[in-house]
Amino acid sequence: LDGGLLTRRIALRLHARGAPAEALELVEASVPLQPSAEGFYLQSLLLPPEERESVRAELLERALAEDPRFAPRFAPARVDLAIHLARRGELDRAGAELRRAIADRPFYAKAHYNLGAVLTNSGRLAEALASFERALEVDPDFLETYPTLISLHLSQEDRAAAESIYRRLVERAAGSDAAARARSLLEGGRHPDTRSPGTGDA
């Protein structure tokens with residue numbers, strides 16, 4: 001068994017048992033000895049929330065540079081990196097990473113969703129709408145996309161389109177939090193922030 005793989009498995013077990021600091025320490029000690037894309041990526045995931053965004057982004061970039069042959073497996077890393085880049089205002093780079101993630105894994109809804117968020121923040125609303133719609137095409141259960149689309153349609157004063165999206169959501173998940181947020185939007189509540197990439201599960 002590969003030593004680096006064994007270390008990563010042990011670290012994941014430690015993390016699952018509620019020892020994240022020990023898991024991170026183990027990975028940080030092993031990565032310099034056996035650099036790997038998987039190791040850098042795991043290290044980025046184990047960093048505590050208070051760690052600087054720049055450190056997390058650097059680890060993600062190193063993971064992707066270490067072994068590009070496994071790009072499809074690292075589409076989530078590209079999305080994570082794009083989220084960090086967008087939060088730093090590097091929208092062009094964020095968009096490029098998201099498009100690479102989509103090229104590697106075309107049916108990854110989170111990548112399409114976050115590309116829509118980046119495009120929204122860039123003022124490219126028609127392209128953003130297409131990205132959000134694509135997220136729903138590949139995964140109709142990616143529920144966060146529905147209120148986001150509704151908000152965007154309402155911002156363009158297209159209530160008919162917003163109501164159509166709401167009906168699709170109700171048919172799929174009437175009792176969900178997403179449906180409640182969507183209903184609030186249609187009733188004149190506060191719009192969700194579609195400008196901040198990072199919403200949704202991988």
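Q: Is Ala-63 buried or exposed?
A: The model is a predicted one. Buried means under 20% relative accessible area. Ala-63 has 1% relative accessibility, so Ala-63 counts as buried.

Q: Where does Ala-63 lie, and which residues does Ala-63 touch, not counting those up to four places away in sequence?
A: Ala-63 is part of helix α4, residues 53-66. With those sequence neighbours left out, Ala-63 touches Ala-37, Phe-40 and Tyr-41. Ser-44 is 19 residues from Ala-63 in sequence, with 9.1 Å between their C-alpha atoms.

Q: Which residues of α6 are buried?
A: An α-helix has 3.6 residues a turn, so residues three or four places apart point the same way. In α6 the buried residues are Leu-91, Ala-94, Gly-95, Glu-97, Leu-98, Ala-101 and Ile-102. Seen down the axis of α6, these fall within an arc of 160°, so they line one face of the helix. The face turned away from the buried side of α6 carries the exposed residues Asp-92 and Ala-103.

Q: At what angle do helix α2 and helix α3 pack?
A: Two packed helices are described by the angle between their axes and the distance between the axes. For α2 (residues 20-30) and α3 (residues 37-46), the angle is about 150° and the axes are 10 Å apart. That makes α2 roughly antiparallel to α3. Their crossing is left-handed.

Q: Which residues meet between α2 and α3?
A: From α2, Ala-23, Leu-24, Val-27 and Glu-28 meet Gly-39, Leu-42, Gln-43 and Leu-46 of α3.

Note on methods:
Residues are numbered from 1 along each chain as its sequence is written. This is a predicted model: local features need pLDDT of at least 70, side-chain atom pairs count only at pLDDT 80 or more; totals for chains, interfaces and linings use all residues. Side-chain values use heavy atoms; hydrogens and water are left out. Helices (H or I, at least four residues) and strands (E, at least two) are DSSP runs, numbered from the N terminus. Buried means under 20% relative accessible area, exposed over 50%, partly exposed in between (1.4 Å probe, protein chains only). Contact means heavy atoms within 4.5 Å. The arc is that of the directions from the helix axis to the C-beta atoms. Axes are lines fitted to C-alpha atoms, for helices over the stretch in contact, and angles run from 0 to 180 degrees between N-to-C directions. Angles under 35 degrees count as roughly parallel, over 145 as roughly antiparallel, 65 to 115 as roughly perpendicular and the rest as oblique. A crossing is left-handed if the near helix is turned anticlockwise from the far one by less than a right angle, and right-handed if clockwise.
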